[in-house]
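Grab a pencil and have a look at the protein below. Then try each exercise before you read its solution.

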Amino acid sequence: MTAADTDIVVHAEGLVKKFKDFRAVDGLDLTIERGMIYGFLGPNGCGKTTAMRMLTGLLTPTEGSVEVLGLSVPKDAEALKYKIGYMTQAFSLYGDLTVLENLRFMATIYGLSGARRKQRINEVMDRYELSDLQNRFAGRMSGGQRQRLALATAVLHEPQLLFLDEPTSAVDPESRRHFWEQLFDLIEGGTSIVVTTHFMDEAERCHKIAILEAGQKRADGAPKDLMAEMGANVVEIEGPNLRDIRRHLLDTEGIVAAAQLGARLRVLVETGIADPEAFLKARPETDGATLIERVRPNLEDVFVTATGEGRQ
Ligand SMILES: Nc1ncnc2c1ncn2[C@@H]1O[C@H](COP(=O)(O)OP(=O)(O)OP(=O)(O)O)[C@@H](O)[C@H]1O
Ligand SMILES: [Mg+2]
């Protein structure tokens, strides 16, 4: 199967990036379908940016193959440039250019000219609420305003595929929600999106995600499916001495993780234990517990189970 004759926008096999002896991306296979928001979820340094840069053709893989929109990367990176948008983690704006100058500069880079250039600049300024800010220097804008300008410049040439590297890390929760609504507007308009994040709530909004750790994919799929197929059940415990209970449970066979959330201890129990509530109630350390109940898993549980982070 090739990306050219299917609805696959990204296809990567055995992708590796080595920096000296360090494998920042370590054997990544990816298939991303058209029309969806696909998220890379993972902690700092797990290789999200490195993987994304290889997909955009900006970084040459040490090993493996990448096809994006039917083009072979990095060989066809120049042709790909006009079909993708890339919002970098640092937003890559020119601080000493105004909003309008930044947009005009990017329009030139993307080869937009004449009436279309003017029309697109006005459209994105309008859509991303930049018209009133058009003479403001980018370096003098707030985090949220810079984010809107960065998105506006990334979509100026109406790319089929948009790469967003931690686009919301500098903005408040309300701007984040608003930003995600705009992403779904882009999807409705036919754009496909690849986004990196370390926010669980953002990952849950993606159609599909890949959970990355140490340059490797630990799990992938729709968040709902990942939660349903997770290899652990979730039980919450209320009562005194939760720190003590946690310490004991972390040394117990069959416990994947235990983390305190306010007045509750959230415990992940291996699915091999048929009745996790009964199992925990029978443990001597939970004698004083006032409540032990099974709850629904969330994406953070999936993340903890997939990466083995729960014992820290
Ligand atoms: N040019 C480089 N030279 C050497 N090491 C690098 C280089 N770029 C990245 N790395 C290393 O590769 C690893 C992955 O980095 P990367 O930036 O891809 O992670 P990330 O998942 O995007 O992290 P973050 O969430 O902090 O943005 C890190 O350990 C980083 O230090
Ligand atoms: Mg990064």
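Some ground rules come before the exercises. This is a predicted model, where local features need pLDDT of at least 70, side-chain atom pairs count only at pLDDT 80 or more, and totals for chains, interfaces and linings use all residues. Residues are numbered from 1 along each chain as its sequence is written, chains are lettered from A and ligands numbered from 1 in the order in which they are written, and side-chain values use heavy atoms, with hydrogens and water left out.

**Exercise 1. Describe the chain as a whole.**

Step 1: Start with the outline. Along the principal axes, the C-alpha atoms fill a box of roughly 75 × 45 × 35 Å.

Step 2: Go on to the secondary structure. The chain has eleven helices and 14 strands; these are DSSP runs numbered from the N terminus, with helices being H or I of at least four residues and strands being E of at least two.

Step 3: The domain assignment, which is automatic or taken from a database, gives domain 1 (3-224) and domain 2 (231-296). Their centres, taken over C-alpha atoms, are 40 Å apart.

Step 4: Look at the record. An unreviewed UniProt entry puts "domain: ABC transporter" at residues 10-239; such annotations may be inferred rather than shown by experiment, and the positions follow the numbering used here, with feature names shortened. That stretch is 35% helix and 30% strand, with 49 Å between its end C-alpha atoms.

**Exercise 2. Work out what surrounds ligand 1.**

Step 1: Count the neighbours, meaning residues with a heavy atom within 4 Å. There are 13 of them, and the closest are Gly45, Lys48, Thr49, Thr50 and Gln89.

Step 2: Sort them by type. You get five nonpolar, six polar and two charged residues. Here Ala, Val, Leu, Ile, Met, Phe, Trp, Tyr, Cys and Pro count as nonpolar, Asp, Glu, Lys and Arg as charged, and the others, Gly among them, as polar.

Step 3: Check distances to oxygen atoms of the ligand. A polar backbone atom of Gly47 sits 3.0 Å from one. For Lys48, a polar side-chain atom is 2.7 Å from an oxygen atom of ligand 1. An N or O atom in the side chain of Thr49 also has a ligand oxygen atom at 2.7 Å.

Step 4: Find the elements involved. β2 (22-33) and α1 (48-56) each give two or more residues to the shell, and α1 has the largest share, with three.

**Exercise 3. Which backbone spots stand out, and where are they?**

Step 1: Look for a cis bond. The peptide bond from Val73 to Pro74 is cis, with omega near 5°, and Pro74 lies in the loop between β5 (71-73) and α2 (77-81).

Step 2: Glu166 has a phi of about 45°, in the loop between β7 (161-165) and α6 (173-188). Asn241 has about 60°, in the loop between β11 (232-238) and α9 (242-250).

Step 3: Compare their cover. Glu166 is buried at 8% relative accessible area, whereas Asn241 counts as exposed at 55%.

How values were computed:
A polar contact is a pair of N or O atoms within 3.5 Å; within protein, one must be able to donate a hydrogen and the other to accept it, and residues adjacent in sequence count only if both atoms are side-chain atoms. Buried means under 20% relative accessible area, exposed over 50%, partly exposed in between (1.4 Å probe, protein chains only).
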